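Subject: Structure handover

Hello,

Here is the structure you were to receive. Please have it open while you read the notes.

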Amino acid sequence: MRAKEATINILQALHGSTFGNAESEGPFVKDSDRQPHYMTFFLAGIRGRELTDSRSYHFNYNKKSSEKFWDLFENSLSSEAKLHNLLFSVPDKILNNADFDKSLGALIERSLRWLADAINEQNNETKIVKLAVAIESLINFKSDSKRSDIDSDRFKDTFIRRTIAINTCQDNVESKAIELYNARSSIAHGSPLKKGISFDAVLFTATTVILAIQLFSTFKSKGIDEIGFDKALPQYIEEFGQLSIQKP
């Protein structure tokens, strides 16, 4: 069941990194939706005349979105084979790696769970918090925590700096990371969100998570199978960010 959940969450991440929040229903039918569709049926007509039937259907998925996603997914099987093999290795490792819960893969599994949960979330404020946590779960580590720094802006700075280091594919990453963190912080501290996020936060977060997984796969010799990464991985992320800045 855990591997199945991870597989669905990976598909949700791919969907989010392709369509963002534009196709919020996604191409997936939840386990809780046991019926393939709901039908409304009734007969109506003028008294004394023949009755006609009226039917309406409600499906638990967006048919057009589903067709669009699976067509793109199938067409990208060759060009994105390396990425797909990496992502779908996570469920396989859940089943076959005895040390999975100690490994970097478990970190990725949790982040994908937060991301998928955010994509499925209907409440906008809760969605924003979950999206931010999906990124935070990949870039915040125990080695970052110091009691003397609890009340400082260090956590915000870390979130922004490491998000910039990871997401080298999108524009205005710094301003987006700042806006997402500030919104999440405001909501978490009990303040209502006065205005919506100015960019597609689902697209931004899903892209960042997938890029993080790709980066982590190059960490040391075992990639996402590495354990004992708490001190070395933060440094690895930030060094990668510095290298990206130095590239012409």
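This is a predicted model: local features need pLDDT of at least 70, side-chain atom pairs count only at pLDDT 80 or more; totals for chains, interfaces and linings use all residues.

Residues are numbered from 1 along each chain as its sequence is written, and side-chain values use heavy atoms, with hydrogens and water left out.

Helix α5

Helices and strands are DSSP runs numbered from the N terminus (H or I and at least four residues for helices, E and at least two for strands). Helix α5 covers residues 104–120, 17 residues in all. From first C-alpha to last it reaches 25 Å, close to the expected 24 Å, where the expected span is 1.5 Å times one less than the number of residues.

Of its 17 residues, 12 are buried, so α5 is largely enclosed by the rest of the structure. Here buried means under 20% relative accessible area, exposed means over 50%, and partly exposed lies in between (1.4 Å probe, protein chains only). Among the buried residues of α5 are Leu104, Leu107, Ile108, Leu112, Leu115 and Ile119, and also Glu109 and Ser111. At the start of the helix, a side-chain oxygen of Ser103 comes to within 3.2 Å of the backbone nitrogen of Gly105.

Salt bridges

A salt bridge is a side-chain nitrogen of Lys or Arg within 4 Å of a carboxyl oxygen of Asp or Glu. By this rule there are 10 salt bridges.

One of them joins Glu109 to Arg113, with the closest N and O atoms 3.3 Å apart. Both residues are in α5, and because they are 4 residues apart, about one helical turn separates them. Glu109 is buried, at 5% relative accessibility, whereas Arg113 is partly exposed at 32%. Glu109 and Arg113 also belong to a network of salt bridges that includes Arg2, Glu5 and Asp101.

A second salt bridge in these notes pairs Lys130 with Asp117 at 3.0 Å, N to O. Lys130 lies in helix α6 (residues 124–139) and Asp117 in α5, so this pair ties together parts that are 13 residues apart in sequence. Lys130 counts as buried at 12% relative accessibility, and Asp117 is partly exposed at 36%.

Glu238 and Arg161 also meet in a salt bridge, at 2.9 Å from N to O. This pair links distant parts of the chain, with Glu238 in helix α10 (residues 232–246) and Arg161 in helix α7 (residues 154–166), 77 residues apart. Glu238 is partly exposed, with a relative accessible area of 24%, and Arg161 is partly exposed as well, at 37%.

Helices α6 and α9

The axes of α6 and helix α9 (residues 201–216) come within 10 Å and cross at roughly 15 degrees. Axes are lines fitted to C-alpha atoms, for helices over the stretch in contact, with angles from 0 to 180 degrees between N-to-C directions. The two helices are therefore roughly parallel, a label given to angles under 35 degrees.

A loop residue

Ala22 sits in the loop between α1 (2–19) and β1 (37–44). Ala22 is exposed, with a relative accessible area of 65%. Ala22 and Leu203 are 181 residues apart in sequence, yet their C-alpha atoms are 9.1 Å apart in space.

Regards

Key: A polar contact is a pair of N or O atoms within 3.5 Å; within protein, one must be able to donate a hydrogen and the other to accept it, and residues adjacent in sequence count only if both atoms are side-chain atoms. Angles under 35 degrees count as roughly parallel, over 145 as roughly antiparallel, 65 to 115 as roughly perpendicular and the rest as oblique.
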